[in-house]
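Please have the sequence and the model open while reading.

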Amino acid sequence: MSVLLTTARRGLISQAAELGSVFATRADQYDREASFPYENFHDLQEAGFLALCIPKSYGGIGADFVDYALVSEELARYCGSTALTFNMHTATMLLTGQIADDLDMSDSQRVDHEQRRASLYKGVIEKGHIHAQPFSEGHQAGATAGVTTQAVAVDGGWRVRGRKIFASLSESAHRHNVTCKVDGEEAIRFLGIPADSIGITIEGEWDPLGMRGTISKNLVFDDVFVPAENEYLPPGCFDQAAKRWPYFFMTLCFTYLGIQRAVLDFTSEYLRGGNTAEERREHPQKQHGWAEMRIAHEQSQALVYRVLSEVGVDPAPAQIHRAWAAVVSAMETAPNLASTAVRVCGGRSLLRPLVLERLYRDARCGATMLPWSVEVCFDRLGRADLFDDSEAPV
Ligand SMILES: Cc1cc2nc3c(=O)[nH]c(=O)nc-3n(C[C@H](O)[C@H](O)[C@H](O)COP(=O)(O)OP(=O)(O)OC[C@H]3O[C@@H](n4cnc5c(N)ncnc54)[C@H](O)[C@@H]3O)c2cc1C
């Protein structure tokens, strides 16, 4: 048994599995309609999971990064869109919680941060607030580069102007937590924009290949007022987190590890004769195909879990490089497994309402997720290892 799987973690995973078995019954509808999984978020809230990574001292479950990774993996076995959007929400809780606790702040910054996150967490726990993280602008891949969204200081807060692309939960989040810049400053600011603010437009169509329930439309902010207390990290701390807690950028890959599991779950059931009249497991080719898939998944999961065993503040360069490798493995193994499953199971496995074709489409989206997209990770890993570049960008 993996040392990661403590009794407490097993408990969280089985809670996620219980929720997930219901999510599985709704996943096809969200996918067909490209509609947001509101019912699933309601269930997540009822189970207390919106507060999964809110520290216990603020009334949350107090789950840490590793707990979250395992829960995310489990949820994704049942509905990829729910797991991916739950990631956007929970990433803010981790950033302002466990990660912020590891960052350097002045005493007054720490006091402000405690007050602000108390209010953020209260909104989640008492009002069911859902948080999103629209960072992408389509300019540059780096987490701390290519940010053109501007914040201008005004009485009581900020005026924000800019445009974010692929904003998951664009129509459903209560807070859009954006990265933005103030003229003359180098550092990124991290501001929580209330979704009902005047000046926000949701633009574009949403009819993508996969992850259709995420509703990741574009958001335009036209001089939107953001109260000062919605600055969810002290100035400079987002950049500090990007440098000192870069594991933050790998949270998306746990969803795709879970999709790998979903592909295996489907294939096993299909070959055993579930879902269809015929059993196919007697064929040696099917046994071989299954074994091939199982090994690929075990390798990918083992690498991700190794990284999880190292997660923390101030990783060594080699550990960051391993995290990039783990992300590539999770993001690429998922579509590869789905592709092999089609070959092994055959044409009828592609027919709806069987889930394989949705898994195939959802799995393909992972490689594109910035700032640690597969292309970016390849680029950085190659450069960092071959040039001893310990200062590689995040
Ligand atoms: C379902 C879904 C949900 C999403 N949700 C969110 C969200 O909630 N929040 C959010 O911030 N973003 C989100 N994204 C956006 C995602 O993180 C990327 O920003 C987006 O996919 C980039 O698309 P693009 O066409 O602009 O790619 P481009 O930036 O044009 O990149 C094109 C290709 O080049 C690669 N590339 C880009 N820069 C580099 C580089 N410097 N070095 C090497 N390769 C590079 C990319 O990986 C990609 O393969 C989501 C995306 C999807 C598909």
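## Describing two packed helices

A helix axis here is a line fitted to C-alpha atoms over the stretch in contact, and the angle between two axes runs from 0 to 180 degrees between N-to-C directions. Two packed helices are described by this angle and by the distance between the axes. The model discussed below is predicted.

## Helices α9 and α10

Helix α9 covers residues 317-345 and helix α10 covers residues 356-364. Their axes lie 8 Å apart, at an angle of about 155°. Angles over 145 degrees count as roughly antiparallel, and α9 and α10 are therefore roughly antiparallel to each other. The crossing of α9 past α10 is left-handed.

Which residues make the contact? From α9 they are Ala334, Pro335, Ala338, Ala341, Val342 and Cys345, and from α10 they are Leu356, Leu359, Tyr360, Ala363 and Arg364. By class, this contact has 10 nonpolar residues, 1 charged residue and no polar ones.

## The shell around the ligand

There are 21 residues around the ligand, and those that come nearest are Ser136, Ala141, Phe166, Ser168 and Ser373. Strand β3 (157-167) and helix α11 (374-387) are the elements that give two or more residues to this shell. Helix α11 gives the most, with 3 residues.

Sorted by class, the shell around the ligand holds 11 nonpolar, 8 polar and 2 charged residues. Domain 2 (150-235) and domain 3 (240-391) each supply at least three residues to the shell.

Technical notes
Residues numbered from 1 in each chain as written. Predicted model: local features only at pLDDT ≥ 70, side-chain atom pairs only at ≥ 80, totals over all residues. Helix = DSSP H or I, 4+ residues; strand = E, 2+ residues; numbered from the N terminus. Parallel < 35°, antiparallel > 145°, perpendicular 65-115°, else oblique. Left-handed = near helix turned anticlockwise from the far one by under 90°. Contact = placed C-beta atoms within 7 Å. Nonpolar A, V, L, I, M, F, W, Y, C, P; charged D, E, K, R; others polar. Near = placed C-beta within 6 Å. Domains from an automatic or database assignment.
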